[in-house]
Amino acid sequence: MPNLSFRAALPLLFAALSMPAIAQDASSASLPSDSADIELIPRTYLGETVMVPTSKEDYVPQNPSWWSRVRASGAIQTEFMVPLQDEALMTQEYDSKVLNNTYFDFTLNAPYVSAGARFQFTKWPLPGFDEKTMPGFAGWGVPYFWVTGKYKWAQITAGDFYEQFGSGLILRTYQERSLGVDDAIRGGRVKLNPGKGLYFTALVGKERRFWEHTPDLIWGGDAEWSLNESFSNAFGPNYGLTLGFSYVGKHDHDNPTIYHDQNQYRLNFPTTIAAFDGRIRSRLKSFDILAEFATKNNDPNYVNNYIYSRGHVELLSLSYAAKGFSAYIQAKRSENMAFMSDQSVETNAFINYLPAFTNTQTYTLAALYPYATDYNGEWAFQAELRYLFKRNTPLGGKYGTNVKLSASYISDLADAAPLGPVRDVVSTDGTVTVTNRDPEMSGTDGKGSAFWKIGGLRYADLNFEISKKFSRTLQFTFFYLFQKLNYAKIFGHTTEYGHDEFVTANTFILEGQWKMAKKTQLRAELQYLTTKQDEKDWISALVEVSFAPHWMVTLTDTKNFGGSKHNYYSGMVTYVYKANRFSLSYGRTRAGFNCSGGVCRWTPATKGFSLTYNYAF
């Protein structure tokens, strides 16, 4: 095995190799002109529009070479960690003394064609990406590469790509590095824009799952017609109408063996599964309305306990925006919509995406109880109001006041929602064991659920935020969050301390920002969370001082006063120079679920030093 210095130096070597490309950025080709008063008119050369003078009849614009128009861009993101043992947190041991996740993206853009690739080094990955919590993630190489040709209204891509049809209800592939999600499709894609407002997409390929590709072949197409673009004179700027339709198919590769009561048997799986999506979006002055419906054929898989019922999801959203005021309300009902490119696994094989109708919390304690979308079925509602009290009014004061109020309510389907797998978290080493909750349902049509009937509560929250600027240098934000959640259904097990099914939590946060000098700013947070069912009271504090444009120092401390009574502290120094960003930190982090957009990943408790470097060119 390579020695310690080699492990730490290899990702930085690839970063260094990218430096020459930045310094050699070619300047844009320019056209000569006799004086500043010469009239310029547009002309198209090599697929790009340039401005040329018209002062001389015999003037011939200089035609820059194809090579002079080639541009290189890219980014590197790398994080090293030296993990330390902590008996109180029961941190796990790792095979390497230095852990690292590195991503290096490189793109070449030229007239008519572009190409790119990504180098990934995760041979000894960071905590939460290791073999215990995410088997198959570790490795290194070039998992992502592509070439795209474009001419007029046509574009063709070969290689790896991300795509989303509509809201993603039947197809959404994307990358979320904090969760270890990268389900790019490797294959081919064609995009067409033959007329104003007309957009067509067709694709075929296989979905990435870590360093392999899932066995099922995926193909599909999307058509979208923006009538306000096609008939701009008839609609005007305040009205719009867009129609969309999508189809996605997949070919199942195998009939996996199902184990039940020490016996095993095989199910007869459908060879081809099809999914359809239809949507309509309209804009009526300040109102925006979206209605979308998706369905798929019977698709037995691990997540839905191998049942044979059809899946469907209905989504309705209404929003309003005006000067100083905005609001939206939306509802979603989904049932049996786990659309997988490998029916024998639980994670990192989703073809589709169901958005979580909850706020993305950025404060530490507000994110303590995230929500994970249930692909087997749920009713979800969300609403939000934003209002700006104008300046020089009783509530607005001299600088105005921003107020935001939002709420979410998510419930089970009534009576007969298909029960998915349950997660058993072993806190001693951070491992997660997944078992079928109701194997008796395997091979059946499931139980079904009445459409309008709502089941028991899964998650509910109420968010209130008020932001007020008191002077040119001082601003405060107050945030309150109420949460009630069925802990056992969301996380797959009861709470460790209270052993209650439901958890109710209240979180209070005060944030202040003070511009101490022209280039110096102080930001501070004080957070308090209380609950009776889990770990009781939490307090978190943050102090951050930034010295523009280069330095920033951050200190945080989060302590529990009722359950584990652990203290999670950290300190970080950040340095920014042009496009380079360095961060050096030391501290402890708690075990828990890291979530983004309703997708969650278990992360173990850690302690150690971390060095992060980001660079873009």
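**View 1. Strands β18 and β19 pair in the antiparallel sense.** In this predicted model, 10 bridges link β18 to strand β19, which spans residues 311-322.

**View 2. Strands β17 and β18 form a hairpin.** β17 covers residues 272-284 and β18 covers residues 287-296. The two strands run antiparallel and are joined by 10 bridges. Arg281 has Leu290 in β18 as its bridge partner. The hairpin leaves 2 residues between the strands. Lys285 sits in the turn, with a positive phi of about 55 degrees.

**View 3. Arg71 lies in strand β3.** The strand runs over residues 71-83. A polar atom of the Arg71 side chain lies 2.8 Å from the backbone oxygen of Ser68. Ser114 is 43 residues from Arg71 along the chain, yet their C-alpha atoms are separated by 9.4 Å.

**View 4. The whole protein holds 5 helices and 35 strands.** Of its 617 residues, 45% are buried. Among contacts with a separation of 6 or more, 59% join residues 24 or more positions apart. The protein exposes about 30,500 Å². Carbon and sulfur atoms supply 59% of that area.

Methods: Residues numbered from 1 in each chain as written. Predicted model: local features only at pLDDT ≥ 70, side-chain atom pairs only at ≥ 80, totals over all residues. Heavy atoms only, no water. Helix = DSSP H or I, 4+ residues; strand = E, 2+ residues; numbered from the N terminus. Polar contact = N/O pair within 3.5 Å; in protein donor to acceptor, adjacent residues only side chain to side chain. Pairing = 2+ DSSP bridges. Buried < 20%, exposed > 50% of the residue type's maximum accessible area, 1.4 Å probe, protein only. Contact = heavy atoms within 4.5 Å. Areas by Shrake-Rupley, 256 points an atom, 1.4 Å probe, with all protein chains shown as cover.
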